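The following dialogue shows how selected features of a structural model may be read. Please keep the sequence and the coordinates at hand.

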Amino acid sequence: MLEAKLNEAGLLKKLLDAIKELVTDANFECNEEGINLQAMDNSHVALVSVQLSHTAFKKYRCDRPMPLGVNIGSLTKVLKCAKDDDICTLKSADDADVLNLVYEAKNTDRIAEYELKLMDIDSDTLGIPDTDYEARVVMSSSEFARIVRDLSQLGESVRIDVSKEGVRFASDGEAANGNVLLKGNGPIGKVTAGPANLTQAEGSGEGEEDEDVKPEVVDDDDETKEEDDEDSGKKKKIPKKAKVKKEKTDGDVDMDEDGDEEYEDDGEPEVEKDEDEDEDEESSDSKKRKKKANGTAKPVKKAKTSKGKGKRKSDDDDEDKEAVDSVVIEMNSHVSLTFSLKYLVNFSKTSNMHNRVQLYMSNEVPLLVSYDFGPGHVRYYLAPKIGDD
């Protein structure tokens, strides 16, 4: 028995959009850990691997491992009947020949039910070996989509070079040639053994940026706190400061009085003035309260000025944009490979799944294009062209 409830049907739509042009029929392998799909295109040049963890579902139940053989085109048509924000539930009984899809609208009482006929598909799950890649590039998924789309207008293939200079995409066509160079924004490090979790990799980078930003906002407060702590730890400093101020005044001053009396000679007038000042302060405070009660005060402007003490929202947006547009390059040696642009353009359509993409390369090894999002990933493997300059 399989029952998987998604909070939004849009996630399943995006996954199918990522593979529908490469795969015609495929098995969704369901188990207690989630739903997986692995399939090759008809020419056996590209392989796609999709994983959706059980944590992505609002409710997930799978009693035993079971394959769901579906036609990707038919499933895409059925999913078009759902809105992106509809609650989507997948149901299938053991040894059933249909897959039930239920769409529940969040704002209305509308419930739609559909049945998709399942297929018996003979497909062997390929074991993807762990590969020690020579180069790894992390870049904006939208930038990657733009590069391969632009170069596809010139030629059929693209050469990707990863060096200390950066990562270069070059395409030679019959009528025109073009290349795009992206320089890495950070130091070039060594490549990890396999595809790392993109959220962890980005989290570490964003954390470093946050550490650099925080002292700028909190630096003054930290210094004052340290001074207060030092003063509280060394009690001798307080009377020393009081003595210095009182040496400048004339006449005798009582040590028990406040600092406002340092500039007065007589004690009694000081008390009377303090009482008058207190009365004036109380009357001014009452006037202020009346003004606030009458609505003459403008707390909105104060709120705006208080926001100025911290970081502006536009600054945060700029930093987030810089983090997304940054290029991270890791390499152990120079790598230069040529790939078909037709497949890369199809891969780049997955950019709506995540704003970052990882490219893993090694000589004479298929290219790995990985889009890792929170509860899963979409990974493409593309064999390089041999004999093309």
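## Aromatic pairs, a buried loop residue and a sheet

Q: Are Phe57 and Tyr60 buried or exposed?

A: Buried means under 20% relative accessible area, exposed over 50%, and partly exposed in between, with a 1.4 Å probe and protein chains only. Both Phe57 and Tyr60 are buried. The model is predicted, so local features need pLDDT of at least 70 and side-chain atom pairs count only at pLDDT 80 or more, whereas totals for chains, interfaces and linings use all residues. Residues are numbered from 1 along each chain as its sequence is written, and side-chain values use heavy atoms, leaving out hydrogens and water.

Q: How many aromatic pairs does the structure hold, and what describes such a pair?

A: Two aromatic rings are described by the distance of their centres and the angle of their planes. Rings of Phe, Tyr and Trp (its six-membered ring) pair if their centres lie within 6.5 Å; planes under 30 degrees apart count as stacked, over 60 as edge-to-face and the rest as tilted. The structure holds six aromatic pairs. One of them joins Phe57 and Tyr60: the centres are 5.1 Å apart and the planes stand at 35°, so this pair is tilted. Tyr103 and Tyr114 also form a tilted pair, with 5.5 Å from centre to centre and 40° between the planes.

Q: Where in the chain do Tyr103 and Tyr114 lie?

A: Helices (H or I, at least four residues) and strands (E, at least two) are DSSP runs, numbered from the N terminus. Tyr103 belongs to strand E8 (residues 98–104) and Tyr114 to strand E9 (residues 111–117), so the pair links distant parts of the chain, 11 residues apart. Tyr103 is buried, at a relative accessible area of 1%, while Tyr114 is partly exposed, at 27%.

Q: Which residues does Thr350 touch?

A: Contact means heavy atoms within 4.5 Å. Leaving aside residues up to four places away in sequence, Thr350 touches Ala18, Tyr371, Val378 and Tyr380. Thr350 lies in the loop between helix H9 (341–348) and strand E16 (356–362), and has a relative accessible area of 0%, which means that Thr350 is buried. Ring pairs link Tyr371 and Tyr380 with Phe347 into a cluster.

Q: In what order do the strands of the open sheet run?

A: Two strands pair if DSSP finds at least two bridges between them. Four strands form the open sheet, in the order E13-E12-E11-E15, with antiparallel pairing. The edge strands, E13 (177–182) and E15 (335–340), each pair on one side only. Six bridges join E11 (residues 157–163) to E15, and Ser157 stands opposite Ser340 in E15.
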